[in-house]
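Subject: Structure handover and findings

Dear colleague,

My notes on it follow directly after.

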Amino acid sequence: MAYAFDSNNPSARLVLLPNYAPLNLINPNFLHHHHHQVLFPVRFALNPALVAQIEQDRSISLQQFMNDEGLVPSREEEQRRCNVIRKLKEIIIKWIKRVAYLHKLPQNLVKAASATILTYGSYGLGVHNAESDIDALCVGPWFASLTEDFFVVLHDILAKRVEVSDIHCVKDAKVPLMRFKFEGISVDLPYAQLQVTTVPENVDILNPLFLNGIDETSWKSLSGVRANNSILQLVPDVKIFQQLLRCVKLWAKRRGLYGNLFGFFGGVHLAVLTAFVCQRNPNVSLAGLVSIFFKTFASWPWPTPVLLQQGIMMPRHHPEARSLMPIQLPSSPHEYCHSNITTSTFMKIRTEFCKGYRLTQDLLKSQFDWRNLFEPYPYSKFYQQFLKICLSTSNEEELGDWVGWVKSRFRGLLVKLEEAHVFYDPSPTEYLDTTVQAPNVVFYWGLIPGKNNVLDLDSIQDGFKKTLGTGQKEVTGNMTLSVIKSSQLPKTLQLVDTHSMFSDTGQTVPLCPNRVPHRLVGYSVPSI
Ligand SMILES: Nc1ncnc2c1ncn2[C@@H]1O[C@H](COP(=O)(O)OP(=O)(O)OP(=O)(O)O)[C@@H](O)[C@H]1O
Ligand SMILES: [Mg+2]
Ligand SMILES: [Mg+2]
């Protein structure tokens, strides 16, 4: 560590120079001319070339960190996903020919008929990792209906394929879709029907020619693709946007802020916040953008909405406009991303933005270390009490469906806890309680009851059970709530807080935090 000291003014602060800062990069006039006012922050003392050099180094070390985390998929993993999409496209083409035939269309129309797959979500943005699903929109012609041809004919074709497992139809959602695994990779497949016979492979869904006469559901299903297209068009540099979004997603996951169903962010929210920062700061390095990201949102005057397209007037009566953190859905004028953020999760998110800002505001600090930003959230140290949510089924096959169902209704539980005036931190991580015989998944949510506040758990549990009993549901299981002290948390969970790793010893082990439940309805939570 090197220090430059202003000897003419002993009360002036020491100017800290990073270890590797070559002295010749220090603005030579600085110490000389400004020795009566060395109170400038250190960055002003440095030659801009040095600042740029350090930022560059920080960006490289951040990229190195991300690579070491294994977040960027390997070439083989990419290839696997490409193969899945190629095979899906082949299946869709065969399907549409069969549907045309079943509808007894004339030969020339059968010949001309086509359908395609458009990817969106994190895969479409190029920020997916090995755990991400593939969001693939099936786009079909005028004669292929959602209810029959998609949910019955295509479903049956897919169900018969050896590559496909765990296939489910989610019909009652805002964006109806089929969810399945294809060669082990989760796929979300919604459907949009265009009023044309031939759907080109790379159909331009922004072209009004294709959008003529489109129905409401198809329009909604197209919104994910539209959002992706416009994000990619609005950011000045796609590559740096992707890098920043990967960092932001990792930060959100590590700090327990990723999961729309838990009242936190989904991928789309973070994509818009990231695009917003990139849009306003072209030509800034990755490290600089991370710093600006936290600065921007630590001081954001919520509930002022975050808008990517400034000219668009967002309607005040929109239900999401009243949400605590409204975020515009790009390219869908007058639409916001759906969010489940509550007062508790809002407070946690804001605290974490501020913490992120504190940790990244001074990139020039010599002891700067990216690991601090991505440190796993230490739940067991933060909270003295936890709400334990135990979900179980009598056999393993039903567990995924049951957990997915309960998660899709978690909003009801968040609202009930909010009404009970407790502060809660709904950690999305899933654990397995090995002291329970039945196949199970356990959640531990941090709790801080309000003053003089006794939590009436029975009434919350009864109310939530009622919520679970309504709507379309094929499986049932058990759900119990209990409050435990942090000292009663399984030891491995406390270990996880410090090491964030999977453990196969002890009572309770975390499952894959991104385990994708089959019936998880995503953002289209049924109304509760
Ligand atoms: N809350 C939401 N509001 C609006 N659109 C959403 C919402 N959630 C998902 N979507 C749409 O569906 C797409 C896929 O969502 P998904 O939940 O798979 O997240 P993702 O961005 O792909 O991240 P991940 O890598 O976790 O899968 C999003 O990109 C978005 O277009
Ligand atoms: Mg996805
Ligand atoms: Mg998805």
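Predicted model: local features only at pLDDT ≥ 70, side-chain atom pairs only at ≥ 80, totals over all residues.

Residues are numbered from 1 along each chain as its sequence is written, and chains are lettered from A and ligands numbered from 1 in the order in which they are written.

Overall make-up

The protein has 19 helices and 13 strands; these are DSSP runs numbered from the N terminus, with helices being H or I of at least four residues and strands E of at least two. Of its 528 residues, 41% are buried, a residue being buried if 20 or more other C-beta atoms, placed from the backbone, lie within 10 Å of its own. Two residues are in contact if their C-beta atoms, placed in that way, lie within 7 Å. Among contacts with a separation of 6 or more, 69% join residues 24 or more positions apart.

The domain assignment, which is automatic or from a database, gives domain 1 (2–60), domain 2 (85–221), domain 3 (229–372) and domain 4 (379–510). The C-alpha centres of domain 2 and domain 4 are 35 Å apart.

The annotated site

An unreviewed UniProt entry lists Asp133, Asp135 and Asp188 under "binding site". They are spread over 56 residues of sequence, yet they cluster in space, with a largest C-alpha distance of 7.1 Å. UniProt positions are in the numbering used here, feature names are shortened, and annotations may be inferred rather than shown by experiment.

Asp133 is in the loop between helix H6 (121–125) and strand S4 (134–140), and it counts as buried because it has 20 C-beta neighbours inside 10 Å. Asp188 is part of strand S7 (residues 185–193); with 22 other C-beta atoms within 10 Å, Asp188 is buried too. Leaving out residues up to four places away in sequence, Asp188 touches Asp133, Asp135, Ala136, Leu177 and Arg179.

The sheet

S7 belongs to an open, mixed sheet of 5 strands in the order S3-S4-S7-S6-S5, where two strands pair if DSSP finds at least two bridges between them. Strand S3 (116–120) and strand S5 (164–170) are at the edges with a single partner strand each, so one side of each has no neighbour in the sheet. Strand S6 (residues 177–182) pairs with S7 in the antiparallel sense over 6 bridges, and Phe182 stands opposite Ile185 in S7.

Helix H7 (residues 146–160) packs on the sheet and touches S5, S6 and S7, its direction making about 165 degrees with that of S5. Axes are lines fitted to C-alpha atoms, for helices over the stretch in contact, and angles run from 0 to 180 degrees between N-to-C directions.

The cores

A nonpolar core is a set of buried Ala, Val, Leu, Ile, Met, Phe, Trp, Tyr and Cys residues joined through C-beta atoms within 7 Å. The largest one has 78 residues, of which Leu244, Val272, Ala275, Leu289, Val290 and Tyr444 touch the most other members. Helix H12 (residues 267–280) gives the largest share, 9 residues. Domain 3 and domain 4 both contribute residues, so this core lies between them. Apart from it lies another core of 41 residues, including Ile92, Leu118, Phe150 and Leu222.

Yours sincerely

Note on methods: Buried ≥ 20, exposed ≤ 12 C-beta atoms within 10 Å, placed from the backbone.
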